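Reader: Hi! Could you walk me through this protein, one step at a time?

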Amino acid sequence: MQLTQHQIDYCMECGVCTGSCPVSRNWSEFSPRQIIKRTCIENPEEVTKRRELWQCLSCGRCYSRCPVEIDFPEFNRQQRVAARLQGNLPQESHHGVMQTISLLQTAKLTQSRTAWARDAGKFSDKGDYFYFVGCLPYFEVTFRYLNLSPLTSAKSVLKILNKMGIEPVISNEERCCGHDALWSGDEEKFEKLAKLNMEVIAASGAKTVIFSCPEGYFTFKNNYAKLFGNLPFEVVYLTEFLAKEWNNANFTFSGNGSSSVTFHDPCRLGRLSGLYESPRKLLANLPETKLVEMERSLINAQCCGTSAWMECSSCSKSTQVERINEARDTGAGTLITACPKCQIHLTCAQQGTDLNLPVKDIFTYLAERIKLD
Ligand code: SF4
Ligand code: SF4
């Protein structure tokens with residue numbers, strides 16, 4: 001990514017990003033502006049040898065505030081591609097299990113990705129709608145120790161879609177969307193996964209691909225479109241789809257008593273895709289739910305503290321605990337999010353602490369309140 005001379009000149013006198021960055025707040029030696037300075041003015045070879053490239057969360061807070069629109073997450077991602085080629089690699093979390101699972105998916109392999117759906121609802125092999133389930137079947141096994149069931153979210157999605165008369169395609173052949181490979185600088189892996197997913201979707205005949213993971217949604221919408229040009233299908237995030245179809249769906253609701261919830265904007269959905277309204281609209285449509293906002297929400301929301309299953313650190317933990325406390329300060333009994341990874345990270349951070357705030361995904365929350373039988 002080439003910055004203009006004007007951007008570089010402005011940047012050297014600025015520093016807004018460093019003051020906004022959750023990582024810089026915890027580690028004063030980390031500075032996005034310094035990375036730009038070292039890359040553009042000093043010694044780019046030196047930059048790609050440094051560990052700090054991996055510490056950025058790609059949360060986009062800096063980009064949203066940069067007066068000269070420097071897309072630092074993308075700028076840094078490109079340095080990561082060069083770093084990886086030189087053998088400078090990130091510290092992978094959970095012994096690299098998620099990276100290994102996605103690598104296996106670049107090969108010809110047989111997956112059993114749809115077993116969960118058989119009891120949950122009706123789905124098809126071909127049709128207009130493709131539900132891109134993403135990594136939820138793998139998260140279900142990997143994060144069992146957190147007493148979370150990420151597949152409950154997928155089951156909820158299927159039940160809601162069935163209630164609307166939609167039997168989406170769900171495929172055993174689907175692959176990881178490649179988001180984490182891309183943000184870890186592994187473009188070769190990303191491209192292999194992306195090509196396989198495009199073939200699977202083409203074979204299904206789908207005209208619309210529905211996502212319940214903001215990373216998959218963002219990656220298709222932006223990076224797949226960059227790689228393949230105009231996509232031959234529409235890319236839709238489920239909260240947008242539901243908000244648009246809500247009146248036609250004629251949902252009725254079961255009473256679960258009134259509850260107060262707060263909503264955590266996932267970075268890929270909020271700041272990076274600009275989708276803030278639809279999840280709030282859905283929650284507001286529920287008769288007995290009161291939404292209370294955290295001090296930092298919408299474009300100003302705090303990141304969940306970890307990205308692409310790498311570099312989980314004391315900085316991640318303090319960012320997450322800070323976010324949980326911010327949610328607790330609202331008085332809400334539940335923290336709702338629209339991203340499976342945010343749910344995992346914000347639940348994980350509470351282990352071994354006296355924090356005990358349930359973190360729920362929005363689709364499970366909706367499915368518990370909409371009468372589905
Ligand atoms: S906010 Fe933009 S211009 Fe300012 S230091 Fe950061 S990247 Fe440079
Ligand atoms: S993307 Fe987020 S973590 Fe990375 S430099 Fe910008 S504000 Fe900091």
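Here are some questions and answers about domains, an interface and a cavity.

Author: First, a note: this is a predicted model, where local features need pLDDT of at least 70, side-chain atom pairs count only at pLDDT 80 or more, and totals for chains, interfaces and linings use all residues. Residues are numbered from 1 along each chain as its sequence is written, chains are lettered from A and ligands numbered from 1 in the order in which they are written, and side-chain values use heavy atoms, leaving out hydrogens and water.

Reader: What area is buried between domain 1 and domain 2?

Author: An automatic or database assignment sets the domain bounds, with domain 1 at 5–85 and domain 2 at 94–243. Buried area is the accessible area (1.4 Å probe) that two parts lose on being put together, summed over both. Carbon and sulfur atoms give 53% of it here, and the total is about 710 Å².

Reader: Which residue forms a salt bridge with R77?

Author: A salt bridge needs a side-chain nitrogen of Lys or Arg within 4 Å of a carboxyl oxygen of Asp or Glu. The count between domain 1 and domain 2 is one. With the closest N and O atoms 3.0 Å apart, the partner of R77 is E187.

Reader: What is the volume of the largest cavity?

Author: On a 1 Å grid over the protein atoms alone, a cavity is a set of points where a 1.4 Å probe fits but cannot get out. Its volume is the space filled by probe spheres set on the points, which are joined across faces, edges and corners. The whole structure has four cavities of 30 Å³ or more, and the largest has a volume of about 140 Å³.

Technical notes
On a 1 Å grid over the protein atoms alone, a cavity is a set of points where a 1.4 Å probe fits but cannot get out, and a pocket is an open set with protein on both sides within 12 Å along at least five of seven lines; lining residues have an atom within 4 Å of a point.
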